[in-house]
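Please look over the sequence and the fold before reading on. The report below goes from the inside of the chain to its surface.

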Amino acid sequence: MRTLCASTLISEVFVIGFAGLVAMKSDDISMTTVWTVCGAGMLLSVLLCGMLGRPGAVQLGWALQIGLIVSGFVVPTMFFLGAVFAGLWWASIHYGRQIDEAKAKWAAQAEASAGPDAA
């Protein structure tokens with residue numbers, strides 16, 4: 001699960017950074033506002049990527065995704081990006097757990113087929 005979640009978070013960093021560059025060209029939003037919102041999202045994504053092995057990381061990831069959606073009130077593009085990344089975060093958790101379960105099952109089968117002499 002950690003691999004898929006980390007991939008999602010790193011992709012968020014790049015996409016949010018590019019979205020920030022696009023949003024800077026808007027006359028309605030100041031460059032400071034754009035980089036405050038986008039920079040905070042990018043920084044939190046990288047920090048969370050390093051914390052994925054700790055308890056509560058999935059919940060913090062959900063808080064980040066909700067924060068990205070809410071940041072759409074400041075930078076409207078973030079409504080769409082936040083919703084897309086929330087969907088990717090869900091998929092990373094859902095399919096990542098399935099992959100982890102399959103790996104554990106395969107490891108148990110390999111250990112059982114190796115027999116007691118393999119240890």
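This is a predicted model: local features need pLDDT of at least 70, side-chain atom pairs count only at pLDDT 80 or more; totals for chains, interfaces and linings use all residues.

Residues are numbered from 1 along each chain as its sequence is written, and side-chain values use heavy atoms, with hydrogens and water left out.

**The core**

The largest nonpolar core has 21 residues. Such a core is a set of buried Ala, Val, Leu, Ile, Met, Phe, Trp, Tyr and Cys residues joined through side-chain atoms within 4.5 Å. Buried means under 20% relative accessible area, exposed over 50%, and partly exposed in between (1.4 Å probe, protein chains only). Leu9, Leu48, Leu52, Val75, Met78 and Trp89 have the most contacts inside this core. Helices α1, α2, α3 (57–70) and α4 (77–114) each supply at least two of the core residues. The largest share, six residues, comes from α1. Helices here are DSSP runs (H or I, at least four residues), numbered from the N terminus.

Take leucine 9. Leaving aside neighbours within four places in sequence, leucine 9 is in contact (heavy atoms within 4.5 Å) with Ser45, Leu48, Cys49, Leu52, Leu64, Gln65 and Trp89.

Alanine 23 is found in helix α1. Alanine 23 counts as buried because its relative accessibility is 6%. Beyond its neighbours within four places in sequence, alanine 23 touches Val34 and Val75. Tryptophan 35 is twelve residues away from alanine 23 in sequence, and the two lie 9.3 Å apart in space, C-alpha to C-alpha.

Valine 37 lies in helix α2. At a relative accessible area of 16%, valine 37 is buried too. Setting aside neighbours within four places in sequence, its contacts are Ser71, Val74, Val75 and Met78. Valine 37 and leucine 68 are 31 residues apart in sequence, yet 8.6 Å apart in space, C-alpha to C-alpha.

**The surface patch**

Which residues make the nonpolar surface patch of about 750 Å²? They are Ile10, Phe14, Val15, Phe18, Leu21, Met31, Trp35 and Val46. Patch residues have over 30% relative accessible area and no salt bridge, and nonpolar side chains (Val, Leu, Ile, Met, Phe, Trp, Tyr) are joined within 5 Å. A salt bridge is a side-chain nitrogen of Lys or Arg within 4 Å of a carboxyl oxygen of Asp or Glu. Areas come from the Shrake-Rupley method with a 1.4 Å probe.

Helices α1 (2–24) and α2 (31–50) give two or more residues each to the patch. The largest share, five residues, comes from α1. Valine 46 sits in helix α2. Valine 46 is partly exposed, at 44% relative accessibility.

**The aromatic pairs**

The structure holds two aromatic pairs. Rings of Phe, Tyr and Trp (its six-membered ring) pair if their centres lie within 6.5 Å; planes under 30 degrees apart count as stacked, over 60 as edge-to-face and the rest as tilted.

| Pair | Centre to centre | Angle between planes | Arrangement |
|---|---|---|---|
| Phenylalanine 73 and phenylalanine 79 | 5.0 Å | 85° | edge-to-face |
| Tryptophan 90 and tyrosine 95 | 6.3 Å | 80° | edge-to-face |

Phenylalanine 73 is exposed, at 67% relative accessibility. Tryptophan 90 is partly exposed at 44%, and tyrosine 95 is partly exposed at 42%.

Definitions and conventions. Patches are made of residues with over 30% relative accessible area and no salt bridge: like charges are joined within 9 Å, nonpolar side chains (Val, Leu, Ile, Met, Phe, Trp, Tyr) within 5 Å.
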